[in-house]
Amino acid sequence: MSRRMRRRYLALKVESEQPVNERDVIDAVWKAVLKLFGEYGASQANLSLMEYTPQRNFAILRCSHTALERVRASIASITEINGKPAVVHATGVSGTLRTLRKKALK
Amino acid sequence: MIRFVDLHLRAPIKDLDQVERMIRKSSELGYRLVGLVLPPNIMRDQINQLQHICNDAKIDLVTRVNLSPKTSGELLRDLRRFRRKFEVISVTCTSKGVARQAAKDRRVDLLHFPATDPRKRFFDPAEAELASKALSSLEIEMTPLLLLTGFSRIRLLSRLRREVEIAERFKVPVTISSGATNEYLIRGPHDYAALTVLFNMSVFSALRALSENPIDIVERNREKLSPDYVAPGIRVVRRKNCV
């Protein structure tokens, strides 16, 4: 029997000169992971955007726990979204969505 | 709780709004000390103005000057002029002579090498040995890593990997700083620690390079600049008025 895959949830704060939507955020993250770690690295990250609130510029991203540092590095390397200066800060990391939301509300 | 430090903010001093935005952003991201690059001829009231902005943002200001001398003689002259005026002195080493002189001079706090030209990164074992004796620290600036792309970034990463390995071997303290010119280039300390994975630095060493190592530099220099300082380990504790 195979073990269940362990995951990590990252709380992200998106700051950009122009409004961005869910698609823009996940595209920027994928692009950054591909640029830094290539297709092989990206395939191990198991990335998925769980939610995005444009009013608060808040997003939750899920990734494999083994790829956490690489995903964090990739997120930190984002300097633009849709050609405009932007930055994505990882404000919290947790093993469960519930704890991450609790941390984010604090 | 770890006190994080960003010793290298290249904020445009003339644009106080921009300086304020950058300082507030640093504070928001968890930094407790920021080093602002100041022009060597800055006036005391301008520093007080910056100090006021930092106090409002609940962050400690560290005055820093970046020297980029062409010769080792020029470096010695600059060090004589500015050492007692600024809390942190960084030297951008553009030639091997300057790099060697900066590494062995105890008045130099940070050794900085140009990011875009790998031939001008003179941090080799000989440089590291001198730096470890003089307590100079190797500064790694993170903004070029964010801004460079393609082959230039590959070359920089490979160079940084080598330098970090040499620094660890010779026990030269490493300091990680942003070198940001605007608020979009500032990242949180944990994000920088994640980025250092790209040049084989452990997260533990990276967090030390963002907190303990720069704090050591600042505290050592503040002690030396204090009027009560006499020599290492000796300071005036009380003055008596003798008439």
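Author: One term before we start: a helix axis here is a line fitted to C-alpha atoms over the stretch in contact, and angles run from 0 to 180 degrees between N-to-C directions. Also, this is a predicted model.

Reader: Fine. At what angle do α4 and α5 of chain B pack?
Author: Helix α4 (residues 96-104) of chain B and helix α5 (residues 125-134) of chain B pack at about 30 degrees, and their axes are 7 Å apart. Angles under 35 degrees count as roughly parallel, so α4(B) is roughly parallel to α5(B).

Reader: Which residues make the contact?
Author: From α4(B) they are Ala99(B), Arg100(B), Ala103(B) and Lys104(B). From α5(B) they are Glu127(B), Leu130(B), Ala131(B) and Ala134(B).

Reader: Stepping back, how many helices and strands are in chain B?
Author: Chain B has 10 helices and nine strands.

Reader: What is its radius of gyration, next to that of a compact globule?
Author: Chain B has 18 Å, which agrees with the value near 18 Å for a compact globule of 243 residues. Along the principal axes, the C-alpha atoms of chain B fill a box of roughly 70 × 40 × 35 Å.

Reader: What share of chain B is buried?
Author: Buried residues are 41% of the 243 in chain B. As for contacts with a separation of 6 or more, 72% of those in chain B are between residues 24 or more positions apart.

Reader: Now chain A. What is the strand order in the open sheet?
Author: The five strands run β2-β3-β1-β5-β4 (chain A), with antiparallel pairing.

Reader: Which strands stand at the edges?
Author: β2 (48-53) and β4 (80-81) of chain A. Each has a single partner strand, so one side of each has no neighbour in the sheet.

Reader: How many bridges does β1 make with β3 in chain A?
Author: Seven, in the antiparallel sense, between β1 (residues 7-16) and β3 (residues 58-64) of chain A. In β3(A), Ile60(A) is the bridge partner of Ala11(A), and Phe58(A) stands opposite Lys13(A).

Reader: And how many join β1(A) to β5(A)?
Author: Eight, and these two strands also run antiparallel. Leu10(A) stands opposite Val93(A) in β5(A).

Reader: Where does helix α2 of chain A lie?
Author: Helix α2 (residues 68-76) of chain A lies across β1, β3 and β5 (84-94) of chain A, at about 155 degrees to β5(A). Helix α3 (residues 97-105) of chain A packs on the sheet too, touching β1, β2, β3 and β5 of chain A, and its direction makes about 115 degrees with that of β5(A).

Methods
Residues numbered from 1 in each chain as written. Chains lettered and ligands numbered in written order. Predicted model: local features only at pLDDT ≥ 70, side-chain atom pairs only at ≥ 80, totals over all residues. Helix = DSSP H or I, 4+ residues; strand = E, 2+ residues; numbered from the N terminus. Parallel < 35°, antiparallel > 145°, perpendicular 65-115°, else oblique. Contact = placed C-beta atoms within 7 Å. Rg over C-alpha atoms; globule rule 2.2 N^0.38 Å. Buried ≥ 20, exposed ≤ 12 C-beta atoms within 10 Å, placed from the backbone. Pairing = 2+ DSSP bridges.
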